[in-house]
Every structure is written in C-alpha cells, then in structure tokens.
Amino acid sequence: MADSCILAPDFWCAKDGVAVMNVVILLGGPGSGKGTIAGRLVAADRTLRHVSSGDLLRDAVKRQTAAGVEADGYMKRGELVPDAIIARMIADLMAGIAGPCTLLLDGFPRTVVQAEILDGTIAGCGASLAAVVLLEVADEILVDRIAGRRACPGCGAGYHVTNIPPRVAGICDACGSALTVRKDDNPETVKNRLAVYQAQTVPLIEFYEARGALRRVPGTGPIDEIVERVRRALS
Ligand code: AMP
C-alpha cells in the first residue's frame, strides 16, 4: 500500500487483508463539484482512480462510437442516456482494471436501475462498495456554478470564472488551451438537467441511505474545505 494514501484503509484496496478494487460513489446534482473534488483527491493519492461517466460519454461522442452516436442527442437535451449504454461502459472499464485501486465514480450511477446493475458489476469483479458521498448544494447555487463553469478541451481540467479561475482568463493553466463552455451548460439544458436529477437521481439517496452507505457532505464553501470534509467522510 502506498504511504501517500489519504483515505482510511477501509476505503481502498484492502479487504480482510486481501487486495481488491473498492468503489466510492460521488453523488450530487450537476455542478455540485463531483469532478473537481475527485480531481483534488486523485492528485493527492495515486491509488485513487477518477471515473467520470460524463467524460466517458463525451469521449464516445467525440470518437463517434456506436454508443456515442446514440448518446449524443440525449446529452444535448440534458436527458440521461439509456441505462444500458453507460452501465456497459462502466462494467467494461471495471473489468479492464488489473490491480487493486479505489474507483471514484463521478456521475454513475444516476438511476436506481444503474445502481442495481452496478451492484452486479461490483460483485462480478470481486470489488466492494466502500461509501457513497452526497455533495449537498442548493439548486440556485448549482445554477450559478454551471453558468461560470469552463472546461479545457485539451486536458479536461475544470475551472469556474470566479470560484476556480485560471491564472490567465480563458486559458488552461495546465496545457495552455483556450477554455470552452460545455455544450450542455446552457440555461435551458441546465434547467432540464436539474429536473432530471430530482426525478431520477435523488431516489438513489434513499437507496444508499437504507444500506447505511450514505455520507452527507455540505458542498458549499472554499474548495479546500469541501475536499477536507469529503476526506473526513471517508475516514
Ligand atoms: P455530467 O458530465 O456528469 O454532467 O454528464 C453529462 C451528461 O452525460 C448528462 O447530462 C447525461 O446526458 C449524460 N450522463 C452522464 N452520466 C450518466 C449516467 N450515469 N446515466 C445517464 N446519462 C449520463
């Protein structure tokens, strides 16, 4: 085990002394900071692996794979892509992971059906679900955060015009590419994504609470503080 591990032993590779893949689910509305938090945690601990379902889908759309072509329209409208498409991508990814690690699942599952499929995938890989972290952020703050969100098309780094500004406005600190606004971050689509979150993803809170796996974390305030809260929730 690496000395740099920031999470308590239960949350990563060892279970009863045997190395396994552990899964931590990051739950929260669009703009709640799942990707940003995952990025910070991974930067501090190389045994963690960030898996963003949105990134997997955007990559599939860019490469025009069969799944990407099918997913594109749903994503543009701010709707969820069919469960089977994204669940297959996640299952393939998990099956391809060789060594023990902790997966930070960001954006998956998003429906109870996906959560049930994930249970099967976890069992099939001999992995284990360590915890579900819910980032709690009020809707009006989510809308504001998404309005200021910028993404780097070159390296995938995420920014916010006021909360996480790049050193030079509009330019990625890491790779120098011009920052862009995600296609589905326009106000109309955002409204739809929030409604979809309430209708289809919020039921997961009860689903995981009933199992005793849910950890609620206030998702507002300085980013370093939120990261620290998540770390504490996982220790
Ligand atoms: P995100 O980057 O997580 O905000 O996701 C962007 C878009 O990708 C969503 O609005 C959905 O259209 C799609 N998407 C991402 N994850 C999922 C998922 N688990 N199930 C269905 N659709 C998803």
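## Helices H1 and H9

The axis of a helix is a line fitted to its C-alpha atoms over the stretch in contact, and angles between axes run from 0 to 180 degrees between N-to-C directions. In this predicted model, helix H1 (residues 34-44) and helix H9 (residues 223-233) cross at roughly 70 degrees, and their axes come within 10 Å. Angles of 65 to 115 degrees count as roughly perpendicular; H1 and H9 are therefore roughly perpendicular to each other.

On the side of H1, the contact is made by Thr-36, Ile-37, Arg-40, Leu-41 and Ala-44. Helix H9 contributes Ile-223, Asp-224, Ile-226, Val-227, Val-230 and Arg-231. By class, the residues of this contact between H1 and H9 divide into 7 nonpolar, 1 polar and 3 charged.

## Helices H6 and H7

Helix H6 (residues 139-147) packs with helix H7 (residues 187-201) at an angle of about 140 degrees, and their axes are 11 Å apart. That angle makes H6 oblique to H7. The crossing of the two helices, H6 and H7, is right-handed.

Asp-139, Leu-142, Val-143 and Ile-146 of H6 meet Val-190, Leu-194 and Gln-198 of H7 in this contact. The contact of H6 with H7 has 5 nonpolar residues, 1 polar residue and 1 charged residue.

## Surroundings of the ligand

The ligand is surrounded by 16 residues, of which the closest are Ser-53, Glu-79, Gly-107, Arg-110 and Gln-114.

Ser-53 has a polar side-chain atom 2.7 Å from a nitrogen atom of the ligand. For Arg-58, a polar side-chain atom lies 3.0 Å from an oxygen atom of the ligand. In the side chain of Arg-193, an N or O atom is 3.4 Å from an oxygen atom of the ligand.

Notes:
Residues numbered from 1 in each chain as written. Predicted model: local features only at pLDDT ≥ 70, side-chain atom pairs only at ≥ 80, totals over all residues. Heavy atoms only, no water. Helix = DSSP H or I, 4+ residues; strand = E, 2+ residues; numbered from the N terminus. Parallel < 35°, antiparallel > 145°, perpendicular 65-115°, else oblique. Left-handed = near helix turned anticlockwise from the far one by under 90°. Contact = heavy atoms within 4.5 Å. Nonpolar A, V, L, I, M, F, W, Y, C, P; charged D, E, K, R; others polar. Near = heavy atom within 4 Å. Polar contact = N/O pair within 3.5 Å; in protein donor to acceptor, adjacent residues only side chain to side chain.
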